[in-house]
Amino acid sequence: MPKTDQTYIVFTDGSSRGNPGPGGWAAIVIENGDKLTELGGRVEHTTNNRMELEAALRALEFLPEQAVVTIHTDSSYLISGMTKWVAGWKRNGWQTSTKIEVLNRDLWSALDRVAASRNVHFQYVGGHRGVLGNERCDHIATDLADGEQHKLFSGRLKDYDLPNILDVSQNETIAENKKTDSARHRAAAYSYVSMVGGIIETHHTWPECERRVRGVAGAKYKKSLNQADEQKIIEEFGAF
């Protein structure tokens with residue numbers, strides 16, 4: 001394949017109303033610090049995680065082979081899958097360690113194939129923490145999920161409404177991060193999700209969850225704050 005000296009900075013995000021429900025995905029592609037292209041699309045019935053994967057896939061498909069690209073995303077699911085889990089899934093015939101078919105296999109397989117012919121790096125950014133590219137992608141994705149029309153930009157970076165989009169510093173301080181984590185810890189639970197022996201269950205109360213996981217080697221559990229959060233945890237647990 002021909003080599004290219006083109007380098008790209010990409011921002012991606014996905015959204016689902018209801019999770020599952022109507023969804024949208026968005027990506028911003030910046031070529032050589034000069035040309036900027038917004039991408040986006042809508043799916044009638046999907047999940048947040050699928051839209052995160054779709055956004056990254058569409059962005060990579062938009063780039064030429066051998067491109068050097070850094071993808072900025074707030075999805076730890078996407079990053080962990082592409083940097084930690086995919087190799088093991090392929091060795092296991094796209095099954096998890098518990099012999100269950102990998103959730104969202106179609107998108108993971110396509111991402112793995114497209115990324116193989118590009119030099120891809122992933123960079124985590126906190127969602128809703130002042131990173132302009134992430135905020136813009138979130139705005140596009142949620143609008144599309146809601147069925148709203150969106151005019152997508154394509155042109156020179158100097159003509160873009162957010163000229164500082166390449167600034168990926170996060171406006172939220174370390175103290176504010178700790179405050180956010182503490183608030184999540186104190187927040188009332190919507191449910192608790194547990195996984196024992198590859199079987200995922202949801203529980204209305206912590207004692208119910210605790211009875212299932214206490215003393216069980218390899219058990220996983222996590223508190224969810226709402227229905228969408230619960231679905232996200234279920235999908236992430238299903239990746240192992």
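This is a predicted model: local features need pLDDT of at least 70, side-chain atom pairs count only at pLDDT 80 or more; totals for chains, interfaces and linings use all residues.

Residues are numbered from 1 along each chain as its sequence is written, and side-chain values use heavy atoms, with hydrogens and water left out.

**Entry: E236 and its helix**

I looked up E236 and found it in helix α7, residues 227–237. Helices (H or I, at least four residues) and strands (E, at least two) are DSSP runs, numbered from the N terminus. Is E236 buried or exposed? E236 counts as buried because its relative accessible area is 15%. Its contacts (heavy atoms within 4.5 Å), not counting residues up to four places away in sequence, are N49, S76 and Y77.

The buried residues of α7 are D229, E230, I233, E235, E236 and F237. At the N-terminal end of α7 I found a cap: a side-chain oxygen of N226 is 2.7 Å from the backbone nitrogen of D229. I took a polar contact as a pair of N or O atoms within 3.5 Å; within protein, one must be able to donate a hydrogen and the other to accept it, and residues adjacent in sequence count only if both atoms are side-chain atoms.

**Entry: N19**

N19 sits in the loop between β1 (7–16) and β2 (21–31). I list N19 as buried because its relative accessibility is 2%. Its side chain comes to 2.8 Å from the backbone nitrogen of N48. Leaving out residues up to four places away in sequence, N19 touches T46, T47, N48, A228, Q231, K232 and E235.

**Entry: strand pairing**

Two strands pair if DSSP finds at least two bridges between them. I followed β1 to β4 (residues 68–73), a parallel pairing over five bridges, in which V10 stands opposite I71. From β4 I went on to β5 (residues 119–124), joined in parallel by six bridges; here T70 has H121 as its bridge partner.

**Entry: cysteines**

How many disulfides are there? With a disulfide taken as a pair of cysteine sulfur atoms within 2.5 Å, I count zero. I marked C137 as buried because its relative accessibility is 0%, and C209 is buried, also at 0%.

Notes
Buried means under 20% relative accessible area, exposed over 50%, partly exposed in between (1.4 Å probe, protein chains only).
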